[in-house]
Amino acid sequence: MKHTCLALAVTATALVLAGCSAGGDEPAPSPAVSVDTPTSSAPETTTSDEVPRDAREKVSPAGEGAKLTVVDIRTGRHEGFDRVVYELGGEGTPGWRVGYVDEPLQQGSGNEVAVAGDAVLQVLIDGSAYPFDSGVEQYDGPDPVLADAGGSVVEVSGSGVFEGVTQSFIGVAAHGTPFSVYSLTGPTRVVIDVAR
């Protein structure tokens with residue numbers, strides 16, 4: 001009996017120590033977050049360039065204390081999908097709520113926003129801040145951002161902030177087209193891939 005108890009105590013101690021060893025106390029990465037550090041001349045790439053499989057709403061919470069401002073919006077074409085990238089400056093980890101809407105309505109005013117395409121994905125980036133809070137200049141490029149003709153993404157419209165949320169719309173060629181959403185770091189980005 002003493003040997004059995006001693007063996008169990010040694011095994012339990014070994015498991016506890018293994019859990020505290022280097023790397024053992026590191027939190028597991030979120031499945032919605034990937035790390036990518038592209039060069040400026042390289043296209044946006046990730047470690048999992050999979051074609052999106054469903055059109056359900058995608059939600060992920062922002063990190064506590066996030067203060068992020070959209071500094072760039074760009075589109076690209078990849079094998080099997082089109083990509084929309086919102087580059088963010090400031091601090092923290094962005095969250096999002098992305099899904100199809102019947103009408104693209106502006107937060108606050110409720111005014112309808114003109115968006116080209118047969119369907120509209122609403123993009124809400126949580127953890128957003130005005131430039132005076134984030135310390136970076138907000139995106140001031142073309143609005144809408146036009147995608148290459150013939151793809152599933154038609155255009156990206158707007159990047160206004162209202163009550164800590166950046167709202168934008170993606171015009172999509174066909175309703176119900178599958179999409180995926182995730183974030184990348186170096187620099188911080190929210191990426192939306194829309195199947196073709």
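Rings of Phe, Tyr and Trp (its six-membered ring) count as a pair if their centres lie within 6.5 Å, stacked with planes under 30 degrees apart, edge-to-face over 60 and tilted for the rest. By this rule there are 2 aromatic pairs. The model is predicted, with local features needing pLDDT of at least 70 and side-chain atom pairs pLDDT 80 or more, while totals for chains, interfaces and linings use all residues. Residues are numbered from 1 along each chain as its sequence is written, and side-chain values use heavy atoms, without hydrogens and water.

**View A. Tyrosine 100 and phenylalanine 179 form an edge-to-face pair.** The ring centres are 5.8 Å apart, with 80° between the planes. Both tyrosine 100 and phenylalanine 179 are buried (under 20% relative accessible area; exposed is over 50%, partly exposed in between; 1.4 Å probe, protein chains only).

**View B. The charged end of lysine 58 sits over the ring of phenylalanine 179.** Its distance from the ring centre is 3.9 Å (the criterion is NZ of Lys or CZ of Arg within 6 Å of the ring centre and within 35 degrees of the ring normal).

**View C. Tyrosine 130 and phenylalanine 132 form a stacked pair.** The centres are 5.6 Å apart and the planes 15° apart. Tyrosine 130 counts as partly exposed because its relative accessibility is 35%. Phenylalanine 132 has a relative accessible area of 70%, so it is exposed.
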